[in-house]
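Have a look at the model below, then read on.

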Amino acid sequence: MAQEIVLTRFQPYRVPNLFQWSNDGDIAIINNNNNVVVLESTPVSLNPDIHKIHALTDLLVLKRNVLNPSPLLYLQRHQTYDDDVNITDTVMEPQPVSIRWSPKGFSQDQRSQLAVLYNNLQLYIFETDNWNCSLHVNSAIHQLDLEHVTRLPDIQRSRITGFSWAPLVDDVRLDDHHFMAISNGKGEIKLFELLSDKIDVKITVELPSIASTLEWSPWIQSQDRWVSYLTAITRDNSIHVIKVYLETDGRLISDGQLKQISKKYRGLHANSKWYNWDGKLIFFIVFTKSLKAFVFNSDQISHFELDLQSPLFFHDFELYRMDGLLRLILVESSGDYIRTEFSAVEGFANFEHLNFMVNEPTVEDPLYKQLYKIQKMLVKSADPQKLLIAGISMDPTSNVLGILYTKHKLASPVFAKSLAYWKVYFNIVPLRSVKTMELGKLVDYFSGSVINELLPLQYSGSLITQIISMYSLRNKNLYKEFESRIQNLTPFLKNKSNDKSLTTFSQHLRYHLFKDTYVQSLRFLNWFKMDKNNELIQIAARLIITFITDNKITLSNPVDEFILQSFNLISGLNLLPQKDNVVLHNFQHNIDESFDFTNHSSCSSLYSITSKEGHVWSRCAITLLPILSTNIIKDPISGLVALNDFSDYIQSEHECILVPILQQVCSVSLFTGGTFVS
């Protein structure tokens, strides 16, 4: 069994989506002690740092009927909670009730950001680099000073009851658009775009009652635009859906029609999720003792329902696809779990006759076998214990399952011990077999899915290498198998896109550097120390230099000239005449450095460059500029560093052509696909 991460004095809060996995591999968990714990990812380790976001004075203060949130948040690095949890504190602090990661960041470093909704109906977004609160959505969306709101409709609108991020769109033209939906206390749903300095509301829809949960479906392509659905579950458990379109120019539109697909239902809403089955969108929702599925196929919606035969209610579930079946893990309120499977290919014909399994597995399902193995080891130990699951969550690529659980003695009641003193364990369970005899199949699967599906959708290389590392913890021979088999993996060329809708050079460059299968396979090989940096530089250099020469663009800024000369020399393509004197001025230090690109020994390295003055500088992994600043970001997989701020060289983006383009295109590392970290 892989090493467990132990959270001491931790009480998990039983809410839907108790913990969430980001596209960068970070994991956020709601704790009932008024905070959110974040397990930060590392590309090669299962032992991340533990961080805590704690609301100190973010309270719901009613003064003259005014909602007055005062956010003051801090982050403290620690390994246990023994030193800083004050269980005698009598101040009622707001409790986080919902957490969700953005698909990717809308800040400069592009890392996913964490949105936290508190029980005082205030929604905040946190940046992962410093854990500062980057946006208070309640005040930003209405552009109101909440301290001076006195009218009841404004107070109701300022209260957020649910939210959902829009998923990733697999289209380079739409990479820079970030959407969110919120429901408010007035019974409205607002869909808006998050921009660098404001919120732009695109669509407002009125509901018959207040929604408590929103779920935004994956995007599917329909003709020349993207389509998704937003479901709203109201407080009486009726379900409503809105159809949303995303045009290729980034416009978010809707026909404005609100369709009710399920009547009110007397039961507790446990959890709900969307699933994309080969372009057919399926919405699953679990109530107290009922599982419902709604299949969206074009404009047709099919409804299936299953009565869950259990004396208890269900509080969480996850589903994953394997061997042509959708497999479901349901967690009961007691902490036990059951497993079932069904075929979506057959149109849910067997949905009412699911095979529930609670005993020893009889099929080759690595996930269920591992769950059963952990439970069996606890029962047969010297001090028999029982595993009780608090929450489960699939990683974004659906390759591993995270489990949050507690252990209790079989002889003692579950709640005999104070919840504040529980030890809660976090572990990873692989979905696929890690038997030595099947490692070749596993390597082939990862190679194909990473190159063709995961990286092109811009899942971070940090997340995917983390998942491979998790599998290697189960079988130490996995890396050896990778190293032996990928020697024969030949990067293959894909037909180049002649899509005329890629109207800008940055879109064209991003497509070929981050969507092309050949480039993805080079990046994949780089993870295993098969040095493909030069080939990747050659591809980028050819695209950039061809763009400049074909369009006869005159470069008047020495920064542009330096970048172009660097790509030309390091790639070895020699598409341009080499210059013997390019002078860069550094505004911060007020110094000039000269570089001779005819001297290959001083300027041809990807990692460092030597000036004519004899100074050796590290190079930026995005622009190849010399680094004279401490404000840098790092690719955690390769260790290459890049400038986080280019104001040392340019005082305005309009002065330079290539720096803003490369910043936009290479929001993740060209060489590994890893998300840069500060």
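## Two open sheets

Strand β12 (residues 179–184) and strand β13 (residues 188–194) run antiparallel, joined by five bridges. Within this pair, F179 stands opposite E193 in β13. A word on terms: strands (E, at least two residues) and helices (H or I, at least four residues) are DSSP runs, numbered from the N terminus, and two strands pair if DSSP finds at least two bridges between them.

This is a predicted model, where local features need pLDDT of at least 70, side-chain atom pairs count only at pLDDT 80 or more, and totals for chains, interfaces and linings use all residues. Residues are numbered from 1 along each chain as its sequence is written, and side-chain values use heavy atoms, leaving out hydrogens and water.

Zooming out, β12 and β13 belong to an open sheet of four strands in the order β11-β12-β13-β14, with antiparallel pairing. At its edges sit β11 and β14, each pairing on one side only. From one strand to the next, the twist averages 20°.

Now for the other sheet, which is open too and has three strands with antiparallel pairing, in the order β24-β25-β26. Its edge strands, β24 and β26, each have a single partner strand, so one side of each is left without a neighbour in the sheet. Neighbouring strands here are turned by 20° against each other on average, direction ignored.

| β11 | 160–165 |
| β14 | 199–206 |

Strand β25 (residues 325–332) runs antiparallel to β26, with six bridges joining them, and V331 stands opposite Y337 in β26. Helix α3 (residues 366–379) packs on this sheet, touching β24, β25 and β26, where contact means heavy atoms within 4.5 Å. The direction of α3 makes about 165° with that of β26; axes are lines fitted to C-alpha atoms, for helices over the stretch in contact, and angles run from 0 to 180 degrees between N-to-C directions.
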